[in-house]
Amino acid sequence: MNHLKHITFFLLLSIFTHSDAGSIGVNYGRIANNLPAATKVVELLKQQGITQIKLYDTDSSVLKALSNSNISVIVALPNELLSKVSSSQSFANNWIQNNIVAYYPSTQIQAIAIGNEVFVDPNNTTNFLVPAMKNIHNALIDNKLDSSIKLSSPIALSCLQSSYPSSSGSFKTELIEPVIKPMLDFLKQTSSYLMVNAYPFFAYESNANVISLDYALFRDNPGNVDSGNGLKYMSLLDAQLDAVYAAMSALKYDDIKLVVSETGWPSKGDENEVGAGQDNAAAYNGNLVRRVLTGNGTPLRPNVGLEVYLFALFNENSKTGPTSERNYGLFYPNEEKVYNIPLNRASLAGWTGGKSQTTPVVNGTDDGGSVSTSGSGQTWCIANGKLGEKKLQEALDYACGEGGVDCNSIQPGATCYDPNTLEAHASFAFNGYYQKKNRMTGTCDFGGAAYVVTQPPKFGKCQLEAGN
């Protein structure tokens, strides 16, 4: 994730034993001043059945807390050390002694991530990556650990020159010879895998007018057929991953596995962060867990189970940047869940797909009401009041304009003018468009400004048209 995480620790919560269906983990960031101590976190992980963790460095307090915990660990060599490690085998040897051998095997270190999103590092560390990987590997060989500990390096999707359609996936030309091919050679020779940080949220946020929210959130949708390979994609993440597979295939590397080292959806964001919200975060992460634990690989690699690590374990209050940066957590710092999603196969049975929404209240009137998505039969489309006034107003203007909805009923003095709130008026317009389009998938979206409910919403005396 190209957003302030290069010094962040990661914790991978293994919530399902590795199998053909794949496995799920969760990242643990520590850029906060209110998180539990490492020993407390290890207790939490044990309570949750955690079997794997991954750090963004080799913090001594964390590695010591994990000693004899039966939790396997992926550690990381930070970007700022790449230059020294790449230029000095002795420095690499000392690093392995101090950060791996000193804790292994009581702390079950299974892999080392060499840097993070190096290609977008503002400090220009790209050329140091592969030499650093080789020197660290040599140090592992000297300690007879090369067969036990894998090496990789997480890449951002921004290293792709083309990603749509997936079949056109290719790496940026300027990266191929200097670093991509040498890195893929190294991964192939050491039987390792390529780590990829993939965020459908960012793609949706930037293209909400053309990307279906259901497609981004693993919900029911018509899917998209790749014009190049004829494969049908039912989720944006699958399409992103296959773009990376296609990029590797174009360079004749068809036998390297991908591991999704970061992915997630923020539960809160700024007004311009389209799609950020607790309901969408729950839908994305919950549906992703279900997809990984019960599905196969991607359309291009159907027989390769997915290994995916959600970001993040906690919300992190010390991060700078947009509001979303501080709200990717599955848990609050007090260890309470931000939202409920399935975390293992056993809990999938009760998962509804993340369609339940926080009950909206019509403000400024005693006639305000609520809606629920439980039930069956008729469906309505209502506004997502959390999105912000600007986006709601833009979507309302579209529905009443180009969308062709008759909005006379929400004019002053008309039946649905009261309650006179943007959310109520937008709900009327959105529902009118949704019903006009025969409730087709994707017609209740408006760039994340709307969602479907299955119980009649109440907005004062206004009754929204229903459909079956």
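Are Phe201 and Trp265 buried or exposed? Phe201 is buried, and so is Trp265, where buried means under 20% relative accessible area, exposed over 50%, and partly exposed in between, with a 1.4 Å probe and protein chains only. The model is predicted: local features need pLDDT of at least 70, side-chain atom pairs count only at pLDDT 80 or more, and totals for chains, interfaces and linings use all residues. Residues are numbered from 1 along each chain as its sequence is written, and side-chain values use heavy atoms, with hydrogens and water left out.

The structure holds eleven aromatic pairs. Rings of Phe, Tyr and Trp (its six-membered ring) pair if their centres lie within 6.5 Å; planes under 30 degrees apart count as stacked, over 60 as edge-to-face, and the rest as tilted. Tyr199 and Tyr328 make an edge-to-face pair, because their ring centres are 6.0 Å apart and their planes stand at 85°. Tyr199 is in the loop between β9 (194-197) and α7 (200-206), and Tyr328 is in the loop between β13 (307-311) and β14 (380-383), so this pair ties together parts 129 residues apart in sequence. Helices (H or I, at least four residues) and strands (E, at least two) are DSSP runs, numbered from the N terminus. Both Tyr199 and Tyr328 are buried.

Phe201 and Trp265 also pair edge-to-face, at 5.1 Å centre to centre and 70° between the planes. Phe201 belongs to helix α7, while Trp265 lies in the loop between β12 (258-263) and α10 (278-294), 64 residues away.

Next come the nonpolar cores. A nonpolar core is a set of buried Ala, Val, Leu, Ile, Met, Phe, Trp, Tyr and Cys residues joined through side-chain atoms within 4.5 Å. The largest has 108 residues, and those with the most contacts inside it are Ile112, Ile114, Ile136, Phe171, Met183, Leu184 and Leu194. Helix α9 (residues 236-250) gives the most to this core, with nine residues. Another core, of 29 residues, lies apart from it, with Cys381, Ala383, Ala426 and Phe430 among its members.

Leaving aside neighbours within four places in sequence, Met183 is in contact (heavy atoms within 4.5 Å) with Phe119, Leu129, Val130, Met133, Ser153, Ile155 and Leu194.

Ile74 is placed in strand β3 (residues 72-77). Ile74 counts as buried because its relative accessibility is 3%.
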